[in-house]
Amino acid sequence: MNKITPLGLSRIEAADYVGVGVSKFDELVQIGQMPKPKKIGSRTLYDRRLIEQHFDELDSDEVNPWDEI
């Protein structure tokens, strides 16, 4: 059986998808580096495609010294 990848992700799923914690994801949304969520009824969902677009636009010049260890 094929598993469908949802377009809409919860806040926790969206943070996991990007690879950061929820509070960092919230910060990225607040400063416009990640998309704002959409409301579908009572659900708040983040569009996975927009997350990918925003992720591609993040500055990758910054080097994390822990990556070198």
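Does Glu27 count as buried, partly exposed or exposed, and at what relative accessibility?

Author: The model is a predicted one. Glu27 has a relative accessibility of 40%, so Glu27 counts as partly exposed. Its side chain meets that of Lys24 in a salt bridge, with 3.2 Å from N to O. Both residues belong to helix 2, and because they are 3 residues apart there, about one helical turn separates them. Lys24 is also partly exposed, at a relative accessible area of 38%.

Phe25 belongs to helix 2 as well, which covers residues 22-30. Its relative accessibility is 0%, so Phe25 counts as buried, the cut-off being under 20%. The count of aromatic pairs comes to 1. In that pair, the ring centres of Phe25 and Tyr46 are 5.1 Å apart and the planes stand at 80 degrees; the pair is therefore edge-to-face, since angles over 60 degrees count as such. Tyr46 lies in strand 3 (residues 43-47), so the pair ties helix 2 to a part that is 21 residues away in sequence. Tyr46 is buried too, with a relative accessible area of 7%.

Leu28 is another residue of helix 2. With a relative accessible area of 8%, Leu28 is buried. When residues up to four places away in sequence are not counted, Leu28 touches Gln33 and Met34. Between the C-alpha atoms of Leu28 and His54 the separation is 9.9 Å, and the two residues are 26 apart along the chain.

One joins Asp47 to Lys38, where the closest N and O atoms are 3.7 Å apart. In another, the side chains of Asp47 and Arg49 meet at 3.0 Å, N to O. Asp47 is buried, with a relative accessible area of 9%, whereas Lys38 is partly exposed at 43% and Arg49 is partly exposed at 44%. The whole structure has 5 salt bridges, among them the bridge of Glu27 and Lys24.

Arg48 is in helix 3, residues 48-57. At 14% relative accessibility, Arg48 counts as buried. Neighbours within four places in sequence aside, its contacts are Thr5, Pro6, Leu7, Leu9 and Tyr17.

Terms used:
Residues are numbered from 1 along each chain as its sequence is written. This is a predicted model: local features need pLDDT of at least 70, side-chain atom pairs count only at pLDDT 80 or more; totals for chains, interfaces and linings use all residues. Side-chain values use heavy atoms; hydrogens and water are left out. Rings of Phe, Tyr and Trp (its six-membered ring) pair if their centres lie within 6.5 Å; planes under 30 degrees apart count as stacked, over 60 as edge-to-face and the rest as tilted. Helices (H or I, at least four residues) and strands (E, at least two) are DSSP runs, numbered from the N terminus. Buried means under 20% relative accessible area, exposed over 50%, partly exposed in between (1.4 Å probe, protein chains only). Contact means heavy atoms within 4.5 Å. A salt bridge is a side-chain nitrogen of Lys or Arg within 4 Å of a carboxyl oxygen of Asp or Glu.
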